[in-house]
Amino acid sequence: MFVKVCGLSTPESVQAAVESGADAVGFVLTKSPREVSPSRARDLLTHVPERVTAVGVFRHEAAADAVATARAAGLEWVQLHGSRSPEDVKTVHDAGMRLIRAVTMGAAPDEFEAWGEELLLIDAAVPGSGEAWDYSSVRKLGLGARRWLLAGGLTASNVGAAALEAKAWGVDVSSGVESSRGVKDVGLVRAFVQAAKA
């Protein structure tokens, strides 16, 4: 199980994710309670070993702007939320970067098609709510052997069942490992990664 822990903003939370076996970490470079500056992300990146993928997360920014900000932060992966197009995928790849494209369960059918992104992230119909949803509904999308991440309302206590229900290739967590909005709890981070890996 591929595990990504998103919205990290302190060396302690990054180290907790890395040491417990996370495959990827995310730094939010867009307006959010979890936002960090590119220079802060670059500092946090010093705690991330090469085997762990580090991702810059963006919401409504143009793909080219996201690429420029991610590059300023020293990142090679970009995660794009919001309404996107195949041209956005091309923009990221033309810049020599890799892409996680995030869609919600309420998105139009064509948004679930493969546009060439490295990973697709599928979030709840209302992203950011932190509430669990019907994870089994993803199976009707017929994603087959594609690499994709399940997100939205995941915690250490439900991630195992949710991943099995959805037949997920990987999982992504943010609010489910927080003691309060935007504040990561290192114990919850460790418990989540261990539960997902188990």
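This is a predicted model: local features need pLDDT of at least 70, side-chain atom pairs count only at pLDDT 80 or more; totals for chains, interfaces and linings use all residues.
Eight strands close into a barrel in the order 1-2-3-4-5-6-7-8, with parallel pairing. Neighbouring strands of this sheet are turned by 25 degrees against each other on average, direction ignored.

**How to read the values**
- Local features need pLDDT of at least 70 and side-chain atom pairs count only at pLDDT 80 or more, while totals for chains, interfaces and linings use all residues. Residues are numbered from 1 along each chain as its sequence is written, and side-chain values use heavy atoms, with hydrogens and water left out.
- Helices (H or I, at least four residues) and strands (E, at least two) are DSSP runs numbered from the N terminus, and two strands pair if DSSP finds at least two bridges between them.

**Around strand 8**
- Strand 1 and strand 8 run parallel and are joined by four bridges.
- Strand 7 is joined to strand 8 by three bridges, also in the parallel sense; here Leu 149 stands opposite Gly 170.
- Gly 170 and Asp 172 point one way from strand 8, Val 171 and Val 173 point the other way, and all are buried (under 20% relative accessible area, 1.4 Å probe, protein chains only).
- In a regular strand the side chains alternate between the two faces of the sheet.

**Strands 3 and 4**
- Strand 3 (residues 53–58) pairs with strand 4 (residues 77–80) in the parallel sense over four bridges.
- Within this pair, Gly 56 has Val 78 in strand 4 as its bridge partner.

**Helices**
- Helix 5 (residues 159–166) packs on the sheet, touching strand 7 (148–151) and strand 8 (170–173), where contact means heavy atoms within 4.5 Å.
- Strand 7, helix 5 and strand 8 make a right-handed β-α-β unit: with the strands pointing away from the viewer, the path from the first strand over the helix to the second runs clockwise.
- In helix 1 (residues 11–19), the buried residues are Ser 13, Val 14, Ala 16, Ala 17 and Val 18.
- Those buried residues pack against strand 1, strand 2, helix 2, strand 10 and helix 6.
- Just after helix 1, Gly 21 takes a positive phi of about 105 degrees.

**Nonpolar cores**
- A nonpolar core is a set of buried Ala, Val, Leu, Ile, Met, Phe, Trp, Tyr and Cys residues joined through side-chain atoms within 4.5 Å.
- In the largest one, of 57 residues, Phe 27, Ile 122 and Leu 150 touch the most other members.
- Apart from it lies another core of 13 residues, including Ala 24, Val 57, Ala 102 and Ala 151.

Note on methods
Buried means under 20% relative accessible area, exposed over 50%, partly exposed in between (1.4 Å probe, protein chains only). Axes are lines fitted to C-alpha atoms, for helices over the stretch in contact, and angles run from 0 to 180 degrees between N-to-C directions.
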